[in-house]
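Subject: Structure handover

Hello,

Here is the structure we spoke about. Please open it alongside this note; my findings follow below.

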Amino acid sequence: MLNPSEHPHRRYNPLTGEWMLVSPHRAKRPWQGQVEDTPPDTRPAHDPTCYLCPGNKRAGGNANPHYSGTFVFDNDFPALLTDTPTDEPETHPLFRIQGERGICRVLCYNPRHDLTVAEMDAADIRPIIDMWAEQTLDVGSRDFIGYVQIFENRGAMMGHSSPHPHGQLWSTSRLPREVDKELIAQRDYFAAHGVTLLADYLAEEQRRNERIVYANTYWTVLVPFWAIWPFEVLLVSNRPARSIPNLDDAERDALSDALHHLTVRYDNLFRTSFPYSMGFHQQPTDGGDYPFWHLHAHFYPPLLRSATVRKFMVGYELLGTPQRDITAEQAAARLRDLPDIHYTKA
Ligand code: H2U
Ligand code: ZN
């Protein structure tokens with residue numbers, strides 16, 4: 001009989017309808033877990049050369065105000081523009097092309113240049129959540145915006161352009177690809193079962209209790225059954241909230257707490273400032289009704305074995321299907337067993 005902690009197998013991602021490959025027998029190789037204690041950060045609280053710090057000039061020539069909380073500005077080099085023509089000039093079915101409109105913003109989390117989310121208290125994280133909510137409402141209310149994607153590239157390994165704590169907002173008329181896949185899966189599941197896909201999934205994860213890393217009253221942090229990245233995490237609202245603006249006060253405080261506990265554990269894993277891309281998947285903002293949408297965030301961190309040894313999505317992943325060695329259960333156990341206090345403060 002198949003033993004998922006020993007035998008190569010495929011796992012299904014019900015949110016995207018895609019399969020991935022697990023090769024647990026390879027992870028039995030002896031653990032080379034060198035911990036390269038990264039030297040403590042020596043960044044200043046204010047960096048005169050940083051284009052996100054309060055009072056500084058940005059690359060485009062605009063200056064930041066002397067902000068004291070969060071700060072949002074329109075991206076000076078936006079990937080999308082508000083006035084793009086929307087016609088479809090090609091009629092050939094093999095050459096489809098569509099004009100796409102959107103708004104891109106940069107979301108500064110804190111005036112302090114030297115902080116990361118992992119080093120913030122839950123109380124410092126809460127204003128970031130309020131900013132995400134306000135920005136979703138503000139941008140999502142434009143009639144040409146159908147979807148608001150909030151995300152963060154953290155760390156040089158993920159290609160972020162500045163260590164200053166910040167995220168981004170990219171919004172579009174149409175749904176981005178990943179959101180489109182999730183919409184179809186969640187819609188079909190809800191039509192068949194009358195509950196959200198993630199509500200049923202969460203209930204089953206709670207029952208099995210093998211992949212949960214952290215939970216509080218309103219949020220659950222887990223390594224999903226179908227995770228691809230070694231320490232990939234899904235952060236799910238226990239109630240099927242549809243968007244960040246939908247969250248009430250207690251849910252926002254609890255989200256701050258969950259983000260704090262997760263990012264501290266991430267940093268403690270390899271005793272380094274843990275890189276990742278993260279972002280929320282919320283309901284579209286085109287004015288439709290989305291009772292099947294269940295708010296969640298994905299964390300996709302590249303590190304595998306140490307502060308420098310990362311997983312690459314190459315070869316078979318690009319040409320075949322994504323693959324991992326250490327199982328989701330092993331990854332969850334490692335994250336769960338880590339201390340809750342940041343390694344630089346312990
Ligand atoms: P990342 O660190 O995730 O790359 O995000 C930084 C964004 O900030 C990036 O999209 C923008 C870049 O276009 N930016 C400005 O809008 N103004 C600047 O002065 C520099 C960078
Ligand atoms: Zn800065």
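Helix 1 (residues 122–140) packs against helix 4 (residues 249–269) at an angle of about 120°, and their axes are 8 Å apart. Angles of 65 to 115 degrees would count as roughly perpendicular. The crossing of the two helices is right-handed. Please keep in mind that this is a predicted model.

Which residues make the contact? Helix 1 supplies A122, I125, R126, I129, D130, W132 and A133. Helix 4 supplies D249, R252, D253, L255, S256, D257, L259 and H260. Sorted by class, this contact has 7 nonpolar, 2 polar and 6 charged residues.

Helix 4 has another partner to look at. Helix 4 packs with helix 6 (residues 328–336) at an angle of about 100°, with axes 9 Å apart. Helix 4 and helix 6 are therefore roughly perpendicular to each other. On the helix 4 side, the contact uses R265, Y266 and L269. On the helix 6 side, R334, L335 and R336 take part. By class, that gives 3 nonpolar and 3 charged residues, with no polar ones.

Now the ligand. There are 13 residues around ligand 1. Which of them come nearest? They are A59, N75, D76, S161 and H166.

- N75: an N or O atom in the side chain is 2.7 Å from an oxygen atom of ligand 1.
- S161: a polar backbone atom is 2.8 Å from an oxygen atom of ligand 1.
- N153: a polar side-chain atom lies 3.2 Å from an oxygen atom of ligand 1.

Last, two backbone angles. N209 is not a glycine, yet its phi is positive, near 50°. Where does N209 sit? N209 is in the loop between helix 3 (197–208) and strand 7 (212–215). R271 also has a positive phi, near 45°, and is again a residue other than glycine. R271 lies in the loop between helix 4 and strand 10 (276–281).

Best wishes

Key
Residues numbered from 1 in each chain as written. Chains lettered and ligands numbered in written order. Predicted model: local features only at pLDDT ≥ 70, side-chain atom pairs only at ≥ 80, totals over all residues. Heavy atoms only, no water. Axes fitted to C-alpha atoms, helices over the stretch in contact; angles between N-to-C directions. Helix = DSSP H or I, 4+ residues; strand = E, 2+ residues; numbered from the N terminus. Left-handed = near helix turned anticlockwise from the far one by under 90°. Contact = heavy atoms within 4.5 Å. Nonpolar A, V, L, I, M, F, W, Y, C, P; charged D, E, K, R; others polar. Near = heavy atom within 4 Å. Polar contact = N/O pair within 3.5 Å; in protein donor to acceptor, adjacent residues only side chain to side chain. Parallel < 35°, antiparallel > 145°, perpendicular 65-115°, else oblique.
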